[in-house]
Amino acid sequence: MMIVFYLLLILRVGRCTDDLIIETKSVGQDVTLTCPRITTLDIATLFWIRLVSGNLPEFFKGTHIFDDDGVNTTPHITTKQGPGTFLLHIHQAKLSDTGVYYCLRVNQLDVILLKGTFLRIGGPEPDITAVIQERTSDPVRPGGSVTLQCSVLSDSEEKTCPEEQSVFWFRAGSDESYPSVIYAHGTSDGCEKSPEPHSPQKCVYSFSKNVSSSDAGTYYCAVATCGEILFGNGRQLEIEALNMWDLQKTNTVLILLVAALAVSLIVIAFLIHTIKMKMCDRCNGNICF
């Protein structure tokens, strides 16, 4: 088939088609493209080709210009004749079927583009209207607890995706090239809907953790739905650095702990010595070791 394509490049190409027809279908729908088939005395053939950006043209099996009952069938695409037409039928369209489809009439060294169709296959549109993260600028002390919150607003009356949405938390640190996933939600903390008509449903997702100095960065809430990922506006988490007073207090506490440990060891040693001496006094002249 590639030989046919290269031959077409050197043939005389004509065009008797109008501007491209734009046709939009949804995933799972059947699609039928038609091409006029006018019976003449000359021996000509018709072909369907598909052009996708970045790929070589894809040829589908053709037919003669005269009536022919032959059907070229694959599990996904079928080409066959209809009354005065040459049909290309796509069974349960996929996103990968998006492209420009041309019907070619080839007669010896002449190639005529009879019809062109831009076919766009669209998936279900997300029903989510907004992903909101609350912003707080207060730094968190190392060892402290922080709660990140994400509110997902969706139009529950126009739910188009059969699967449930998934919510993830990403952290983008200053020393990392790509954000890393740190948590995935199973269910939300709760959803509520305003009694007002056409008001969005609000689901809240929370994530809590004890932080250290290495947890500083920007945290993003991401919602995966309908084959797309929608990100929140992000929240900058700042970790408060220890000041000199904190270091002095930490050193003082450490010194006191070490001193307490030393005193405890001395007391324990003294008690052991006292007990041993009393035991020796009771030896009644026996040698104590």
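Predicted model: local features only at pLDDT ≥ 70, side-chain atom pairs only at ≥ 80, totals over all residues.

1. How many disulfides does the count come to, if a disulfide is taken as a pair of cysteine sulfur atoms within 2.5 Å? By this rule the count is three disulfides. Residues are numbered from 1 along each chain as its sequence is written, and side-chain values use heavy atoms, with hydrogens and water left out.

2. Cys35 and Cys103 form a disulfide in which the sulfur atoms are 1.9 Å apart, and with -75° about the S-S bond the link is left-handed. The pair links distant parts of the chain, since Cys35 belongs to strand 3 (residues 31-36) and Cys103 to strand 9 (residues 99-107), 68 residues apart. Helices (H or I, at least four residues) and strands (E, at least two) are here DSSP runs, numbered from the N terminus. Both Cys35 and Cys103 are buried, where buried means under 20% relative accessible area, exposed means over 50%, and partly exposed lies in between (1.4 Å probe, protein chains only).

3. In the disulfide of Cys150 and Cys221 the sulfur atoms are 2.1 Å apart, and this link is left-handed, with -75° about the S-S bond. Cys150 lies in strand 12 (residues 145-154) and Cys221 in strand 17 (residues 217-225), so the pair ties together parts that are 71 residues apart in sequence. Both Cys150 and Cys221 are buried.

4. Is the link of Cys191 and Cys203 left-handed or right-handed? With 110° about the S-S bond, the link of Cys191 and Cys203 is right-handed, and the sulfur atoms of this disulfide are 2.0 Å apart. Cys191 is in strand 15 (residues 190-193) and Cys203 in strand 16 (residues 201-210), 12 residues apart. Cys191 counts as partly exposed because its relative accessibility is 43%, whereas Cys203, with a relative accessible area of 4%, is buried.

5. Two strands are said to pair if DSSP finds at least two bridges between them. Strand 11 and strand 12 pair over five bridges in the antiparallel sense, and the bridge partner of Ile128 in strand 12 is Ser154.

6. Strand 4 (residues 45-51) runs antiparallel to strand 9 and is joined to it by seven bridges, and Cys103 in strand 9 is the bridge partner of Trp48. Strand 9 also pairs with strand 10 (residues 110-122) in the antiparallel sense, over nine bridges, with Asn107 standing opposite Asp110 in strand 10. These two strands form a hairpin with two residues between them, and Gln108 in the turn has a positive phi of about 55°.

7. Strand 7 (residues 77-82) is mostly covered, as five of its six residues are buried. Strand 6 (residues 71-73) and strand 7 pair in the antiparallel sense over three bridges, and they form a hairpin with three residues between them. Strand 7 and strand 8 (residues 85-90) are likewise antiparallel, over six bridges, and Thr79 stands opposite Leu88 in strand 8. The hairpin of strand 7 and strand 8 has two residues between the strands, and in it Gly84 takes a positive phi near 70°.

Terms used: Disulfide = S-S within 2.5 Å.
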